[in-house]
Amino acid sequence: MQYLKTVLFTMGMLSGAIVQADCTPPDFKRWMTDFQQEATAAGLPADVLKNLKPDSAVLKRDRSQQVFAQDFLTFATKKVSANRLGLGRTHLKKHAALLKRIEQEYGVPAEILVALWGLETDFGAVTGDFSTLRSLVTLAHDCRRSDMFRAELLSALQLVQKGDLTPAKMRGAWAGEVGQLQFMASSYDRYAVDFDGDKHRDLIHSSADALASAANLLKINGWQAGEPWLQEVKVPIEMDWSLARLNNRLPLEDWAVQGVKYADGSALSGTGAAALLLPMGRHGPAFLAFPNFEVFLEWNESTVYATTAGYFATRLAGAPVLRQGNAPVNVLTVGQTQQLQAKLQAQGQAISKVDGIIGEETREAVRQVQQKLGLPVDGYPDPELLARL
């Protein structure tokens with residue numbers, strides 16, 4: 001799934017509220033014969049796929065992902081738990097020397113890597129036990145995203161050919177992600193590095209290789225050493241909410257003029273530009289998202305995941321616990337969000353998926369409608385907007 005927006009292909013791209021396939025896969029035996037011929041012609045070890053059959057458990061999971069339909073506060077509270085924070089701080093100390101070497105090489109702070117490590121696999125403890133090749137065969141044969149997974153399956157065979165992994169060792173998450181940082185095969189091949197010096201790129205068993213490879217990925221995709229990524233702030237009760245969107249970076253002094261302050265109430269200071277990120281609208285938590293935040297979205301395009309990862313890293317770096325915002329947020333259910341998306345789609349808004357997930361596409365459509373209806377243009381839907389539609 002090497003759209004550059006999802007180089008790791010964690011659950012973000014799998015996260016439809018209830019995703020239904022509206023097509024019929026081809027005959028499996030014929031499909032496998034054709035694929036093996038293609039792989040063999042490319043010089044890849046297609047024989048390792050012999051006797052593999054589709055895994056119904058993989059298809060079941062593919063059809064029922066809801067994780068990113070959760071609102072940010074719900075998701076972040078679960079993921080950035082006291083236990084995970086404690087383990088993260090322990091790993092920062094335990095691997096301090098390694099993380100320092102990685103930062104010197106790639107410019108990515110230890111807190112960033114440990115936060116992603118914790119979110120992806122609980123610091124390497126839960127990497128998954130699905131056969132990677134079988135999972136990829138299943139999803140490549142399935143008709144819903146066959147081209148994408150066919151390419152990943154070819155990349156997996158390349159890893160076998162190069163000696164990075166053996167078929168028996170290729171075990172991971174149900175959608176084909178492997179290793180302590182959950183790389184898809186194409187990302188493994190492109191970004192993995194041998195950082196422990198054993199002449200193998202082993203992202204499953206080597207924490208050094210896994211963490212350094214994650215840093216390499218982030219650096220290549222734009223991480224700027226020494227620059228901030230996310231800063232929690234406090235917004236006023238009223239301001240020009242239409243300014244609060246990820247594609248609108250403004251100088252800090254401009255946000256100060258709007259009444260934005262640090263979370264403790266002190267005035268903004270310093271130079272640089274950032275976007276104002278309101279993951280749950282004007283009443284919920286608020287952040288200044290600096291250019292480095294965009295790299296989290298390269299890792300996983302889900303705004304909920306990316307914001308949670310950035311927030312987790314700030315906590316590991318010493319930030320206090322998150323504020324809940326200025327007022328309670330009336331959150332739509334998954335079903336209500338699907339209704340909203342269907343109504344927006346019917347009005348001609350650019351909604352490609354009715355999936356119950358409030359992503360950037362839905363937020364932009366919501367802004368357009370809020371503007372027309374004379375509502376605060378914060379990009380976050382609520383029951384009032386649904387009722388008005």
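Q: What makes D142 count as buried?
A: In this predicted model, the relative accessibility of D142 is 4%. The cut-off for buried is under 20%, so D142 counts as buried.

Q: How do you know that D142 and R63 form a salt bridge?
A: Their side chains come to 3.0 Å, N to O. The limit is 4 Å between a side-chain nitrogen of Lys or Arg and a carboxyl oxygen of Asp or Glu, so the pair D142 and R63 counts as a salt bridge.

Q: What does the pair of D142 and R63 tie together?
A: D142 sits in the loop between α7 and α8, while R63 sits in the loop between α2 and α3 (72-79). The two parts are 79 residues apart in sequence, so the pair ties them together across that gap.

Q: Is R63 buried or exposed?
A: R63 has a relative accessible area of 18%. Buried means under 20%, so R63 goes down as buried.

Q: Which residues do salt bridges with shared partners join into one network?
A: That network holds D62, R63, D142, R144 and R145.

Q: How do you know that R144 and D62 meet in a salt bridge?
A: The N to O distance between their side chains is 3.0 Å. That is within 4 Å, so the pair R144 and D62 passes the salt-bridge test.

Q: Where do R144 and D62 lie in the chain?
A: R144 is in the loop between α7 (132-141) and α8, and D62 is in helix α2 (residues 56-62). The two are 82 residues apart, and the pair links distant parts of the chain.

Q: Why is R144 called partly exposed?
A: R144 has a relative accessible area of 25%.

Q: What makes D62 buried?
A: The relative accessible area of D62 is 0%. Anything under 20% counts as buried, so D62 does too.

Q: How many salt bridges does the structure hold?
A: There are 15 of them. One of these salt bridges joins the side chains of R150 and E38 at 2.6 Å, N to O.

Q: Why does the pair of R150 and E38 tie together parts that are apart in sequence?
A: R150 belongs to helix α8 (residues 146-162) and E38 to helix α1 (residues 28-41), so their pair ties together parts that are 112 residues apart in sequence.

Q: What makes R150 and E38 partly exposed?
A: R150 has 21% relative accessibility, and E38 has 34%.

Q: Why is α4 called oblique to α6?
A: Helix α4 (residues 82-94) and helix α6 (residues 110-121) pack at about 130°, with their axes 10 Å apart. That angle makes α4 oblique to α6, because roughly perpendicular ends at 115 degrees and roughly antiparallel needs over 145.

Q: Which way does α4 cross α6?
A: The crossing is right-handed.

Q: Which residues of α4 and α6 meet?
A: From α4 there are R84, G88, H91 and L92, and from α6 there are A110, E111, V114, W117, G118 and L119. By class, this contact has five nonpolar, three polar and two charged residues.

Q: Where are D122 and F123, and how accessible is each?
A: D122 is placed in the loop between α6 and β1 (130-131), and F123 lies in that loop too. At 30% relative accessibility, D122 counts as partly exposed. F123 has a relative accessible area of 7%, so this one is buried.

Q: What makes R363 buried, and what is R363 in contact with?
A: R363, found in helix α15 (residues 360-373), has 4% relative accessibility. With the cut-off at under 20%, R363 counts as buried. Leaving aside neighbours within four places in sequence, R363 is in contact with L278, P279, I358, G379 and Y380.

Technical notes. Residues are numbered from 1 along each chain as its sequence is written. This is a predicted model: local features need pLDDT of at least 70, side-chain atom pairs count only at pLDDT 80 or more; totals for chains, interfaces and linings use all residues. Side-chain values use heavy atoms; hydrogens and water are left out. Helices (H or I, at least four residues) and strands (E, at least two) are DSSP runs, numbered from the N terminus. Buried means under 20% relative accessible area, exposed over 50%, partly exposed in between (1.4 Å probe, protein chains only). Axes are lines fitted to C-alpha atoms, for helices over the stretch in contact, and angles run from 0 to 180 degrees between N-to-C directions. Angles under 35 degrees count as roughly parallel, over 145 as roughly antiparallel, 65 to 115 as roughly perpendicular and the rest as oblique. A crossing is left-handed if the near helix is turned anticlockwise from the far one by less than a right angle, and right-handed if clockwise. Contact means heavy atoms within 4.5 Å. Ala, Val, Leu, Ile, Met, Phe, Trp, Tyr, Cys and Pro count as nonpolar, Asp, Glu, Lys and Arg as charged, and the others, Gly among them, as polar.
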